[in-house]
Every structure is written in C-alpha cells, then in structure tokens.
Protein chains: 2
Amino acid sequence: MGRWEPNAQSRLRQAAMDLYASRGFERTTVAEIAEKAGLTERTFFRHFADKREVFFAGSERLRELLVATVTDAPVEAGPAQAVAAAFESVAADYFPPVAFSRQRQSVIDANISLQERELVKLHAVAAELAAALQRRGVSELRAAIAAESGVAAFKVAFSRWINDPDDRELSTHMREALAELRRAA
Amino acid sequence: MGRWEPNAQSRLRQAAMDLYASRGFERTTVAEIAEKAGLTERTFFRHFADKREVFFAGSERLRELLVATVTDAPVEAGPAQAVAAAFESVAADYFPPVAFSRQRQSVIDANISLQERELVKLHAVAAELAAALQRRGVSELRAAIAAESGVAAFKVAFSRWINDPDDRELSTHMREALAELRRAA
DNA sequence: CTATGCGATGACAGTGTCTGACATCATCGG
DNA sequence: CCGATGATGTCAGACACTGTCATCGCATAG
C-alpha cells in the first residue's frame, strides 16, 4: 500500500478527530493533523476533499442504506410509509452510541461551516430518496414531499435524541417525530 | 458617508452579481468584484462576511416576514396552519419575478458552497419558526415538526416553481406542496 | 533475480479567501 | 476652524486548497 505505515486514511481521521475535539475545529490546521498522523498536508487532501469531510465518512453508508431500504420496500407500501420505515430501520441499527454522537455533534454545533456540510449531506439524502421513490413509479411531487418530510422528521428526531436527558433511543424519537408529522396533517 | 461614491454596498452587490453571472462564481475573485465597484478587496469583506453572502441579502427579510406572520397568526390557529399560512403569504407577495429567481438559482445550483449557504439559511428559518411557535405555547416537538415540514414543503415548492415549464405562480406550487404534505399523512 | 509499471507519498510553488492592525480621509457637530 | 466619528485604503499574514513533478515501495512479468 503506502510508502510507510498502513492505514493512512484512518490515521488521518483519528488525528483530525482528536485535534478537533481538543482544540476545536477552527483552531487546528490541516498541517497539524497531517503531522500528527506522520504524513504531509498534501496527502491529507488526497484522502479528504477538504478539512470538513473527515466528519462525514459515515454519511455515504447512511444514504445507501436508506435508499436500499426504500427501494426494497414492499410494493404495496406508499411513499410516506416506505420512507418512514427506512428511517425507523436505520435509527434502530445504524447509529453509534449516543455519547459518541453527542461529542461529534458538539463540534459540529460550534461551527457553521460544519453545519453547512451536514445540511448538504441531508439534502443529498432527500434527493436520492426522492429519486428512488420515482423509480417506484411515484410522481415527482409526491416523491419529493415524502423524502423531504422524512428527512425533516429525522432532523428533529436526531436533535432530540442528542439532547434527551433521559437517553431514550433514537428509534423512539424517530417514531415520535413521524407520529407528530402525521398528526399535524 | 463614505470617502468616495455613495452606495458602496449595493455597488459591490451589483458588481458581484454581474461577474458571478458571466464568469461563474468560482472563476471570479473578490479582488475583481472590488475593482469593478471601485473599491478594495478589504472593503468588500467589511460589507459582506464572505464571498457567498452577497447572494443572500434577502433571506434575512424573508425570515423576519415568516416569523412575524407566524407570531401574529390568530390564536385559534394550530402550529401547522400558522406555518402553512405564513409560507403561502410570502410565496404570494415576497418573491421576485421567476426570471430573476431562475438566473440566481442557476448560479447557486452550479456551486456546492452556495447550496450549503442556502441550506443553512433555510435551517435558520426553521429554527426561528419553531421558536416562534414555542412562544405561542406549542410544545418543542410539535413546533419543530411544524417548522421543519413547512420548510420542507417550501423547498419542494420553490424548486418546482423554478423548473415549471408552465410558469405557474410560486403560491400555486406552495399550496400544492402543502396539500401533498397533508395528504401523505 | 531483475526490470518495469503502478499507486501512494513528498516536496514545492502558487492562488485565493479572509483577518488584524494601523494610517488616512471626508463629514459633521461645536 | 477643530476634533470626533466612521468608512476606506494599505499592508502583512495565516491558512485552505491545487497543480506539478520527483520519489519510493510493491507487485508482477520476464
């Protein structure tokens, strides 16, 4: 593989996470991350498109899982049901322990540029979910609304999960958010 | 006021918009914008927090309008009704002609960093709408869902408005999106 | 065993965004 | 006319990110 030690990418990620957590995101330079990982700044940018991308390694997998679940939903399921089931499924299985998510989120909440990236990832999820629904024959409007409102419910559920003093499960919050979404109409 | 010509801020905005539209966002530098406006790069950053902010001058007013409308909604209106009415109201009154919005959006669609900023603005709208609803006595969950799903409907409506070959009104699309949102539940 | 190609890294220069610090100039109130 | 105030200019600099080419290790063919 590499010229020196293996696992360059995960070493960079680890170094970045450590420094972001201790000094904060803005106050750590890419050069420092690379040095801590025993690599150069240039190599960091070969593994991550930019300084923020280190945070969002798992988002690709999340997106794939959601899309696959919606695509494989039973034929008789409507778009809203398919999306809701997909989010309930990943909420139950996919996410790391709440302590880890809380630390990660505290770094993100402290930096607008990280929030920007997070919102873009969620927007991409919505767009792909809508596309998956359209492939199932759902109209553009119906697909878009189902996907966007599902993501909206997830945003609310995730935030409440992170801030829940009672440490209830993410899947519980997701069900609550979806129930409230249905009730609102 | 200024040392030289007046209206520095609007001159900068005009110059930026012109250059963004002709050369594209990434291929125009802040120095070029400033020069075209007869100012220096440093002055540009005194009027706009960053290169992207030029695009989002109106978003503050949009946010204020929405929050005010929700705050002033009749007491008997539920959270979802208040939010829906607010979006229908601004959709009918606030937005520029579709041709202008289309050109603006084409620049944004061509640049992820601009989309990031746009999503942050919408997220801020959702957060403030939720806060306004809570001030009306609505529970946190109910307020968050009403605000986020309202923003979700607006995103869909706006996109469909921009891409509508029949040039139907934004308010029409907004009503359609809200109707679909209610129907989905 | 050697040559050769390939993929990952290093080295280096450069561009562009954004910030801090200080000087300068116009206008306005006294 | 003078000093305060606010907007601008000037300059230096940090830092993110990119392009380019050299270098090194590994695998594989011969």
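In the predicted model, the charged end of Lys51(A) lies over the ring of Phe25(A), at 4.5 Å from the ring centre. In chain B, the charged end of Lys51(B) is placed over the ring of Phe25(B), with 4.5 Å to the centre of that ring.

Contacts between aromatic rings were examined next. A pair of aromatic rings is described by the distance of the centres and the angle of the planes. Over all chains, 26 aromatic pairs were counted. One pair consists of Phe44(B) and Phe45(B), whose ring centres are 5.3 Å apart. The planes of these two rings meet at 85 degrees, and the pair is therefore edge-to-face, since an angle over 60 degrees places a pair in that class. Phe44(B) has a relative accessible area of 0% and is therefore buried, whereas Phe45(B), at 34% relative accessibility, is partly exposed.

A tilted pair is formed by Phe154(B) and Phe158(B). Phe154(B) and Phe158(B) belong to helix H8 of chain B, which covers residues 140-162. Because the two residues are four positions apart in this helix, about one helical turn separates them. Phe154(B) and Phe158(B) are both buried.

In chain A, Phe154(A) and Phe158(A) are part of one aromatic cluster, together with Phe87(A), Tyr94(A), Phe95(A) and Trp161(A).

Methods
Residues numbered from 1 in each chain as written. Chains lettered and ligands numbered in written order. Predicted model: local features only at pLDDT ≥ 70, side-chain atom pairs only at ≥ 80, totals over all residues. Heavy atoms only, no water. Phe/Tyr/Trp six-rings, centres within 6.5 Å; stacked < 30°, edge-to-face > 60°. Buried < 20%, exposed > 50% of the residue type's maximum accessible area, 1.4 Å probe, protein only. Lys NZ or Arg CZ within 6 Å of the ring centre and 35° of its normal.
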